[in-house]
Structures are given as C-alpha cells and as structure tokens.
Amino acid sequence: MTEETTDRQETFFAFDDDEREPGRSRRPIAWKPTAVGLLGLLLGLVLAVSGALAWDDSRKLADYADRSWVITGTYQDMTNDLQTKTYNPIYRGALPADEAITAQPFDSGLADPRVPEAGEEIVFRGTQTGEREGHFHQEADALLAVEDGTLQVVETAEAGEFGDGITAGTITGQRVRAALLLLAGLGVAVAGVWYARRLYSAGH
C-alpha cells in the first residue's frame, strides 16, 4: 500500500467521523426533574394506598355501627389459629356493664358459648394472627357484636382504635378521612409531574 493510498483512507475516515449526524448530540439525563417526578408519584401512591385501606376498614366496620360494644383487653398468651398455622393472641378484659350483654350467649373463641354477666371479667381470642408474642398488641381494643344470636369478638385492634364505640358518625368520619387521603394522593402525584415538567423546560 502506497503512502498516498494510506493518506486517502485516513482522510476518508476522518471525514466520516466529522460528518456523522452533525448537530445531534446525546442529551444528558435530567436527573433533578426525574427525581422530583418520581418522588411526587411515590408520595401520591403512598397516600392513595392509605386512603384505600382506610376506606376498606370503614366498609368492614359499617355493619357494626350502633350495635356493638368496645372493651379493652390485656395480652395474656397466644393460641393456635383455627384456620391457619399461625397464632391468635389471648386477651383478658371485662364485659360492658350493660344488661343487654346478658340477652344472648357469649362466645370467647376459647370455650363453649355461655350467657355472661354484665361487667364480668373474661378471657377471649383476638382476631390478629402472628407467629410470636411480639406480633401482638399488649393492650388491644375488642369490638363485640351479636352475630347469629351469639355475642362475639368480631375484631381486635390496637388500643384506642375504636374509640368509645362504632357509630354511624364514626363510619362517616373514617370515609371522609379516606376520601381526603385519596384526593391528596392524586394531588401530590399531579403536582410532582407538573413541577418536574417545569424544571425540565426551564433547563432546556
């Protein structure tokens, strides 16, 4: 190969590199707008999920509005769950001092149903499931309601969760809070995307 041929090849390749898609350079990733947009979507999703869970809780409790009692229980032990291979907590508490309590048998979930006395101290099975003591609340609220002619523990939760009882007003308040969380989630997501687009436009 002659020196002249080599020079022509070098010139050809140099020309090819210089002329390759002039004016088209790879844009750097806009990290700040991207981060803002993702953060807005993530926070919006968290709020929306919280709202959906709160709405579901209100739906479950709606059937017990104005026809239930709330008592407080102290953790005693745990026992095998009747449906799974996990455990339920056992709580000790006292029935309400309401004579209506004695109008039907009480099913503690631990022994055969029997007619109780108003204000009687009882032990009962909680509705939570877990694998060790640390999975259960040491103090819990128990929601009592009459189902199929028997007074039962229909739900247990962290102490204070049910307040002084479940009423129509309680359900309404829960649903309002759930709706506000859903709207806040949507608002945060939209605001995050809008601000991310603004940042991107300002930088280009």
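User: Is Val193 buried, exposed or partly exposed, and what is the relative accessible area?
Analyst: Val193 is partly exposed, at a relative accessible area of 35%. Partly exposed lies between buried, under 20%, and exposed, over 50% (1.4 Å probe, protein chains only). This is a predicted model, where local features need pLDDT of at least 70, side-chain atom pairs count only at pLDDT 80 or more, and totals for chains, interfaces and linings use all residues. Residues are numbered from 1 along each chain as its sequence is written, and side-chain values use heavy atoms, with hydrogens and water left out.

User: Which element holds Val193?
Analyst: Helix 3, residues 168-203. Helices (H or I, at least four residues) and strands (E, at least two) are DSSP runs, numbered from the N terminus.

User: How many bridges join strands 5 and 6, and in which sense?
Analyst: 8 bridges, antiparallel; strand 5 covers residues 139-147. Ala145 stands opposite Gln152 in strand 6.

User: And Thr150, buried or exposed?
Analyst: Buried, with a relative accessible area of 16%. Thr150 belongs to strand 6 (residues 150-158).

User: What is Thr150 in contact with, leaving aside neighbours within four places in sequence?
Analyst: Gln104, Pro105, Phe106, Asp107, Pro113 and Ala145. Contact means heavy atoms within 4.5 Å.

How values were computed: Pairing = 2+ DSSP bridges.
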